[in-house]
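Here is a short report on side-chain contacts in one protein model. Keep the structure open as you read, and look up each residue as it comes.

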Amino acid sequence: MKSFVVHTGLVAPLDRANVDTDAIIPKQFLKSIKRSGFGPNLFDAWRYLDKGEPGMDNTRRPLNPDFVLNAERYRGASVLLARKNFGCGSSREHAPWALDDYGFRCVIAPSFADIFFANCFKNGLLPLVLTESKMDRLFAEAAAFPGYRLTIDLPRQRVVKPDGEEWEFDVDPFRKDCLLNGWDDIGLTLRHADKIRAFEMARRAEQPWLFG
């Protein structure tokens, strides 16, 4: 898993509440479990004018000119602004996979659905909670200033705006440590690889009949 320490990126404002995981990555794309290749189908039903299916050449599909991520000024965005209850609906882990594969490193919203929130941390994506009044300011500034960028400083737990103003945010200490070090569930387990190997060797010596 990619670590997250300090990230500065272009901001894209998705001014919608209750964005569910089927909108983030529609159900027809859930057959793969590779964790990659989902970026071109992120927000598929909103991003394109036709219905997307696995295996389609997305470069030939008609884009929805009214969808925010299709605007030239937001191309290459890595920080997504959203409204309350982002990531609601089913618990598919493909949703943070798609956001990450597209290039987002951080999603900022007033609130997130619980399972989506946890899945983000397990996949190197920072879900950051700010008050609705602060979100209103970020949406207004992102719309007013092309090229609007934010710096997310995880060690200091600060959002740094272009004018230098800083806002503090909360994050669970364990989840913060995992992001800083790039530890997903497998990475956390492999930290104890020597102990696991020693246990298996001792078990094989003590109970050889279990190993054929």
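## Charges over rings

Start with Arg 16, which lies over the face of Trp 46, at 3.9 Å from the ring centre. A charge counts as sitting over a ring if NZ of Lys or CZ of Arg is within 6 Å of the ring centre and within 35 degrees of the ring normal. Now find Tyr 48. The charged end of Arg 61 sits over the ring of Tyr 48, 3.8 Å from its centre.

The model is predicted, and local features need pLDDT of at least 70, side-chain atom pairs count only at pLDDT 80 or more, while totals for chains, interfaces and linings use all residues. Residues are numbered from 1 along each chain as its sequence is written, and side-chain values use heavy atoms, with hydrogens and water left out.

## Aromatic pairs

How many aromatic pairs does a search of the whole structure find? The search finds 10. Rings of Phe, Tyr and Trp (its six-membered ring) pair if their centres lie within 6.5 Å; planes under 30 degrees apart count as stacked, over 60 as edge-to-face and the rest as tilted. One of the pairs joins Phe 43 and Trp 46. This pair is stacked, at 5.7 Å centre to centre and with 10 degrees between the planes. Trp 46 is partly exposed, with a relative accessible area of 22%.

Tyr 102 and Phe 104 make another stacked pair. Their centres are 5.1 Å apart, and 20 degrees separate the planes. Elsewhere, Phe 86, Phe 112, Phe 116, Phe 117 and Phe 121 form one aromatic cluster.

## Positive phi values

Go back to Phe 43. Its phi is near 50 degrees, a positive value in a residue other than glycine. Phe 43 lies in the loop between H1 and helix H2 (44-47). Helices (H or I, at least four residues) and strands (E, at least two) are DSSP runs, numbered from the N terminus. At 0% relative accessibility, Phe 43 is buried.

Asn 18 also has a positive phi, near 55 degrees, and is not glycine. Where is Asn 18 found? Look in the loop between strand S1 (6-13) and helix H1 (21-24). Asn 18 is partly exposed, at 44% relative accessibility.

## Salt bridges

A search of the whole structure finds 16 salt bridges. A salt bridge is a side-chain nitrogen of Lys or Arg within 4 Å of a carboxyl oxygen of Asp or Glu. One of them links the side chains of Arg 60 and Asp 57, at 3.2 Å from N to O. Arg 60 is exposed, with a relative accessible area of 73%. Asp 57 is partly exposed, at 38%. Another salt bridge joins Glu 72 and Arg 75, at 3.0 Å from N to O. Here Glu 72 is exposed, with a relative accessible area of 61%, and Arg 75 is partly exposed, at 41%.

Next, Lys 161 forms a salt bridge with Asp 163. The closest N and O atoms are 4.0 Å apart. Lys 161 is buried, with a relative accessible area of 3%, whereas Asp 163 is exposed, at 56%. Which residues do salt bridges with shared partners join into one network? They are Arg 137, Glu 141, Lys 161, Asp 163 and Glu 165.

## Cysteines without disulfides

A search of the whole structure finds zero disulfides. A disulfide is a pair of cysteine sulfur atoms within 2.5 Å. Cys 88 is buried, at 13% relative accessibility.

Now take Cys 120. The cysteine sulfur closest to its own is in Cys 106. The distance is 9.4 Å, which is too far for a bond. Cys 120 is buried too, at 0% relative accessibility.

Key. Buried means under 20% relative accessible area, exposed over 50%, partly exposed in between (1.4 Å probe, protein chains only).
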